Amino acid sequence: MAVAREGEVASEVEVASEVEVASEVEVAVFGLSRRASAPGIRHRRWYLPIPDWLYGLGEVVPFRLLLPALLATVLGLVVVVARAHGSPGDGDATRATATRPTLAPDPSGSGLPAGLPTGLDADLDALGALSGESGGSSASDGTGGRPGPTAPAATVADRFAASGARPGPTASCAPARAAAMSIEQQAGQVMMIGVPVTNVRSAIALIRQSRLGGVFLAGRSTQSAAGLRDDLRAVQDAARRDVGVGAHIAVDQEGGQVQTLQGPGFGTIPSAVEQGRWDAATLRSRTAAWAGVLAGAGVTLDLAPVADTVAAGTARSNPPIGAYGRNFGTAASAVAGDIGVVVPAMQDSGLLATAKHFPGLGRVHQNTDTSAAAVDDAATTTDPNLEPFRVAVSTGTAAVMVSLARYPKLDPATPAAFSAPVVTGLLHDQLGFRGVIVSDDLGSAVAVQSVPVGERAVRFVAAGGDLVLSVRGADAAPMTAALAAEAHRSPVFARRLADAATAVLASKQRQGLLDCPAAAPTPAPAPAPTPTPVPTR
């Protein structure tokens, strides 16, 4: 006879047959043992505090009848509990996976799904084909307006949650507010225009004229944190009064040679190369301190950190990043580790982060600010240098900036910021980013000078971008006008514009720049009915 050893949970219950004459019977039930020897004599070993009457139960009812009843009761309880918790069935799994279609790889070897278009006309034609229309004037297929056959059906609420935001009972406010806006208002919301940091209040007139969603403080300033706070409060008051929504205030505050705000209170931030030598605790605490000062001064979005990787020994031949020490390290794994510390530290301090310059400027030999020949011939969809961006996405970065360089193995014809395969296919679909996709400077950068000013904004949004950045104040009017005109012409683009505006508004809601009505309180559940007493004899 098998007997449960002391300290074990018995999986079986074995008793002597009724026809056996046993001098000693030992029964183990869930670690409980009872030993019976000669009649009238009981010896017990206690493993659990079980009442004495339970030991005598086997003498009244045979255990061979009790065991099946016990097992049936346990199985019944498991079924009831599982149904109460609503375990997903096959239908739920189908709904969860049906929102993102799977495409065959591109036979060209780029690793991107086949069929992703390039160029504005191709983007709009592809969107129209999805909904059965052509000529760039079809209605959206309901996937949020992202271009190309891989445009997902993820809702804006999903994007808001995945961007690191903390949606509460008013999480649906951003989509509703965007839907209530006119096309012209939506066009303004997706624009971020530069103003001189030495004349911050000049943003007030610019916001009023073009109903801008944000301003970028360009240049260098020695103004104190307290003085900047007063100026930005005036800008925000004007934005709420004239537009009805607060404005994003962005700066380039990376450290080293890229530090816009250098006045009293802001301190001196070392370069990313130096920061990359610190341990994680030091990096976290110092980043949180700098970010807290910016947030306290009224800055809502920092165009940092740099997630580019510059290989050892190549810094001098990499003008935009390595030459200025803007990279955290020379290995993608090291950069990714620092990005995983910096992004949460910034955002936990109240300042939204922007990982840049996707999909990476660490290999180019020209600067897109001064050249149209910045090319990365090595980048693919499996590029190890994408790892810092993956980490930024997984840690909830609010924004990702797309570069203006070219990546032939990702898109042979179009700069990254105008490329649906890069912006939508790689960043949005493959990396799963659901925050705000912002462009690098589309105003003064030489890399885009061959494209008309207004068309730059249209191409970026059509490719899947959300927030158009230009450092030139003069670009506000032509860019917003071009966006609105294209949206009036094409219902497909109109829906893409609405999706972009919603993403921007969602990030503003997180920063308290979007006033949302309070949600109605959830009614308390009705009390359970009192069970009817069962009459007893």
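Helices (H or I, at least four residues) and strands (E, at least two) are DSSP runs, numbered from the N terminus. What you're looking at is a predicted model, where local features need pLDDT of at least 70 and side-chain atom pairs count only at pLDDT 80 or more, while totals for chains, interfaces and linings use all residues. Residues are numbered from 1 along each chain as its sequence is written, and side-chain values use heavy atoms, with hydrogens and water left out.

**View 1. Ser-403 sits in the loop between strand E11 (399-402) and helix H15 (420-430).** Is Ser-403 buried or exposed? Ser-403 is buried, at a relative accessible area of 0% (buried means under 20%, exposed over 50%, partly exposed in between, using a 1.4 Å probe and protein chains only). Its side chain makes a polar contact with the side chain of Tyr-407, at 2.8 Å. A polar atom of the Ser-403 side chain also lies 3.3 Å from the backbone nitrogen of Ala-405. (A polar contact is a pair of N or O atoms within 3.5 Å; within protein, one must be able to donate a hydrogen and the other to accept it, and residues adjacent in sequence count only if both atoms are side-chain atoms.) Leaving out residues up to four places away in sequence, Ser-403 touches, among others, His-357, Phe-358 and Asp-440 (contact means heavy atoms within 4.5 Å).

**View 2. Here's one of the two aromatic pairs in the structure: Trp-278 with Trp-290.** Rings of Phe, Tyr and Trp (its six-membered ring) pair if their centres lie within 6.5 Å; planes under 30 degrees apart count as stacked, over 60 as edge-to-face and the rest as tilted. This pair is tilted, at 6.1 Å centre to centre and 45° between the planes. Trp-278 lies in the loop between helix H11 (272-275) and helix H12 (280-297), and Trp-290 in H12, so the pair ties together parts twelve residues apart in sequence. Both Trp-278 and Trp-290 are buried.

**View 3. Phe-358 and Phe-389 meet edge-to-face.** Their ring centres are 5.3 Å apart, with the planes at 90°. Phe-358 belongs to strand E10 (residues 354-358) and Phe-389 to helix H14 (residues 387-394), so this pair ties together parts 31 residues apart in sequence. Phe-358 and Phe-389 are buried too.

**View 4. Helix H17 (residues 476-489) has buried residues, including Met-479, Leu-483 and Ala-487.** Seen down the axis of H17, the buried residues fall within an arc of 165°, so they line one face of the helix (the arc is that of the directions from the helix axis to the C-beta atoms).

Notes: Expected span 1.5 Å × (residues − 1).
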